[in-house]
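Dear colleague,

Please find below the structure that I am handing over to you, followed by an account of what was found in it. I would be grateful if you would read the two side by side.

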Amino acid sequence: MKSRLAEVAQKVGVSEATVSRVLNGRPGVAESTRNAVLTALDVLGYERPTQLRGERARLIGLVLPELQNPIFPALAEVVGGALAQRGFTPVLCTRTAGGLSEADYVTMLLEQQVSGVVFAGGHFAEADAPHEHYEQLRERGVPVVVLNAAVDHLGFPQVATDDAVAVEQAFSHLAALGHERIGMIVGPADHIPSRRKLAAFAQQYRRLGREVAPEWIAHALFALEGGRAAASRMIQAGVTGIICGSDPLALGAIRAARRADLSVPGDVSVVGFDDSAFMNCTEPPLTTVRQPIEALGRAAVALLMRQVEGAEVSPEELLFEPELVVRGSTGPARGSI
């Protein structure tokens, strides 16, 4: 008990006597200090005293699929900063191979009595994935916001980049450069944002009075290797412009072109999605559709806080418009000038 008091006191920057007063429910402690002590208790993994367990911790779960794609650390920074401004502490939960599953993290967060959860790119974005742990959160009345996926039956507030606008921006850019054989690489077939992008992609071809060829569409894991393999097949099928569902996929597509002894953008133009960190430092600098991460993250936190405060929040999706950032990986199609 003594070591626990000392550890919590050091974490908060108060005396052990103050921590003891909070844990024993005694008066004479400022509300902000009391909340800080309880949050530190949760963060350090200690159980709250029985009389305090009915209160939710000032912790917010932030569940991400990975950290290798730079867009997710960027989102975590925005969400974490917005939460800190409101006196909440984010608990970062990242799925890893052989590690805890998303459902495991939800169980842990429920045990910690978190005040809410923000999901970005989770199983809710996968139509065929298990969704039971989301039902648990809803049954417990835990505030939840999801980013970049629309799974209507969950009834959670949703914040997303407008995938249809993103595809229109990328496709129009390549078409204006004279590309007629434009392909698209997206994530797995059950990935909701990828389905949206593909629907918008097909619509762009129909606006030109054409149908997209099956070999100009590919599903891949969101990784450089997946982009390389998919782009290799597309290039063999005669595609000259490739739109990708993430920046890592786009970097893989550039690698595929080079392995085929083709230049980017001289022979093949490539467009990414996200505008992750350092995409302006690649060779060539990557043309990509920028997600409005700052706006997305802050909107998600605002919607979550409204729920925490007991307000009703509509489950309708809030869409944010992306921005095409033109750099050096796109250029005129050969013979178009």
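Is Phe278 buried or exposed? Phe278 is exposed, with a relative accessible area of 62%; buried stands here for under 20% relative accessible area, exposed for over 50% and partly exposed for what lies in between, with a 1.4 Å probe and protein chains only.

Two remarks on the source come before the rest. This is a predicted model, in which local features need pLDDT of at least 70 and side-chain atom pairs count only at pLDDT 80 or more, while totals for chains, interfaces and linings use all residues. Residues are numbered from 1 along each chain as its sequence is written, and side-chain values use heavy atoms, with hydrogens and water left out.

The parallel sheet

An open sheet is formed by 6 strands in the order β2-β1-β3-β4-β5-β11, with parallel pairing. Two strands are taken to pair if DSSP finds at least two bridges between them; strands (E, at least two residues) and helices (H or I, at least four) are DSSP runs numbered from the N terminus. At the edges are β2 (89-94) and β11 (317-320), each of which pairs on one side only. From one strand to the next, the twist averages 20 degrees.

Strand β4 (residues 144-147) runs parallel to β3 (residues 116-120), and 4 bridges join the two. Val117 has Val144 of β4 as its bridge partner. Toward β5 (residues 158-161), β4 is joined by 2 bridges, again in a parallel run, and Leu147 has Val159 of β5 as its bridge partner. Both faces of β4 are covered: Val144 and Val146 are buried on one side, Val145 and Leu147 on the other.

Helices α5 and α6

Helices α5 (residues 102-111) and α6 (residues 132-140) pack with their axes 9 Å apart, at an angle of about 20 degrees. Axes are lines fitted to C-alpha atoms, for helices over the stretch in contact, and angles run from 0 to 180 degrees between N-to-C directions. The two helices are therefore roughly parallel to each other, given that angles under 35 degrees count as roughly parallel, over 145 as roughly antiparallel, 65 to 115 as roughly perpendicular and the rest as oblique. The crossing of α5 with α6 is left-handed; this term applies if the near helix is turned anticlockwise from the far one by less than a right angle, and right-handed applies if clockwise. Glu102, Ala103, Val106 and Leu110 of α5 make the contact with His133, Tyr134, Gln136, Leu137 and Arg140 of α6, contact meaning heavy atoms within 4.5 Å.

Helices α7 and α8

Helix α7 (residues 163-176) packs against helix α8 (residues 192-207) at an angle of about 45 degrees, with 8 Å between their axes. They are therefore oblique to each other, and their crossing is right-handed. Among the residues that make the contact are Val167 and Phe171 of α7, and Ala200, Phe201 and Tyr205 of α8.

The mixed sheet

A further 6 strands form an open sheet in the order β7-β6-β8-β9-β10-β12, and here the pairing is mixed. Its edge strands are β7 (217-219) and β12 (323-325), each pairing on one side only. Within this sheet, β6 (residues 182-186) and β8 (residues 241-244) pair in the parallel sense over 4 bridges, and Met184 stands opposite Ile243 of β8. Helix α10 (residues 247-259) packs on the sheet and touches β6, β8, β9 (269-274) and β10 (287-290); its direction makes about 160 degrees with that of β9.

Backbone exceptions

Most residues other than glycine have a negative phi, and most peptide bonds are trans. Two loops hold exceptions to this.

In the loop between α10 and β9 lies Asp261, which has a positive phi of about 60 degrees although it is not a glycine. Asp261 is exposed, with a relative accessible area of 73%. Pro265 is also placed in the loop between α10 and β9, and the peptide bond from Val264 to Pro265 is cis, with omega near 15 degrees.

Phe278 is found in the loop between β9 and β10, and its phi is positive, near 75 degrees. Pro284 is placed in the loop between β9 and β10; the peptide bond from Glu283 to Pro284 is cis, with omega near -5 degrees.

With kind regards
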